[in-house]
Amino acid sequence: MATLTKKSITGKRLIVFDLDGTLTETKSNLKADMSKALDRLLAKKKVAVIGGSGYKQWQSQFISELGTSPQLLSNLFLFPTTATSFYRYNKGWKKIYAYKLSIKERQQIKNAFRAVLRDIRYVPPKRTYGKVIENRGTQITFSALGQDVVARLGEKGVRLKKEWTKKNTPLKLKIVRLMQQRLPRMEVHAAGFTSIDVTRKGIDKAYGIRQIVRYLHVPIEDMLFVGDALFPGGNDYAARRTGVRCIAVKGPAETKRIIKEIVG
Ligand SMILES: [Mg+2]
């Protein structure tokens, strides 16, 4: 059975990774050893990455930490903001598309957040870092501790996020439910540890996988998806709907082991 599993993952042409919690710790920089592991993988396979945060965040968290040669970078495909944007390397990172929300849609979403938080008498954390409600162009994201908590506090920021999640997940899910009621034509997702993403309807990891099929011309059978939230309610769960072969990991250490197995 073990060898069968191994064969069925090493035979795939394209490996798709979630970003936060899978290739990196949440909102934390890519580590040098993961970059090296990716290099070995990129020498053999195409690699795509899908994550919820915006391209700017990816530049500092992921792209600038890659030690990869330009030659190998042509095998790497980036799908920030849950694949509502796509970047590929061709003498520098080039935007292929970005589907932005209209000004009206963005305003509706921000107003809904304000109304819901007011209705439930939401008490924000004592300190927040950066924007709590952020416009990412293709999506609006609420982050309880603010967008920049990890950028400013480093590991302490990651710890604060985990603590907030532990205490406040029922509250977060309540906000998600109320937001969804107010915005029936949008998609509201509990994402990451402390965030809630609002996008146009149908934007999730399944959408991401379909965009990858469409733009990279690789069929689902030739893909493998690796993510840390493949459980029901997790933000990778939707990927399973596409029938893609999925491997659940607990974090970057496990991801590295999977890469090792694929590279052989
Ligand atoms: Mg994740």
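The following legends describe close-up views of a predicted model of a protein chain.

Local features in this predicted model need pLDDT of at least 70 and side-chain atom pairs count only at pLDDT 80 or more, whereas totals for chains, interfaces and linings use all residues. Residues are numbered from 1 along each chain as its sequence is written, and side-chain values use heavy atoms, with hydrogens and water left out.

**View 1. Domain 1 and domain 2 of the protein chain.** Domain 1 comprises 2-99 + 203-263 and domain 2 comprises 103-199, with bounds that come from an automatic or database domain assignment. Their C-alpha centres lie 24 Å apart. Each domain brings 15 residues to the contact (heavy atoms within 4.5 Å).

**View 2. The interface seen from the side of domain 1.** About 1100 Å² is buried between domain 1 and domain 2, and carbon and sulfur atoms give 48% of this area; buried area is the accessible area (1.4 Å probe) that two parts lose on being put together, summed over both. Within domain 1, Thr26, Lys27 and Ile203 lose the most area to domain 2, together 44% of what that side buries.

**View 3. Polar contacts between domain 1 and domain 2.** Seven residue pairs, both at pLDDT 80 or more, are in polar contact across the interface (a pair of N or O atoms within 3.5 Å; within protein, one must be able to donate a hydrogen and the other to accept it, and residues adjacent in sequence count only if both atoms are side-chain atoms). The number of salt bridges between the domains is zero (a side-chain nitrogen of Lys or Arg within 4 Å of a carboxyl oxygen of Asp or Glu).

**View 4. Aromatic pairs.** Eleven aromatic pairs are found; rings of Phe, Tyr and Trp (its six-membered ring) pair if their centres lie within 6.5 Å, with planes under 30 degrees apart stacked, over 60 edge-to-face and the rest tilted. Phe77 and Phe86 have ring centres 6.5 Å apart and planes at 45°, so this pair is tilted. Phe77 is buried at 1% relative accessible area (buried means under 20%, 1.4 Å probe, protein chains only).

Methods
Buried means under 20% relative accessible area, exposed over 50%, partly exposed in between (1.4 Å probe, protein chains only).
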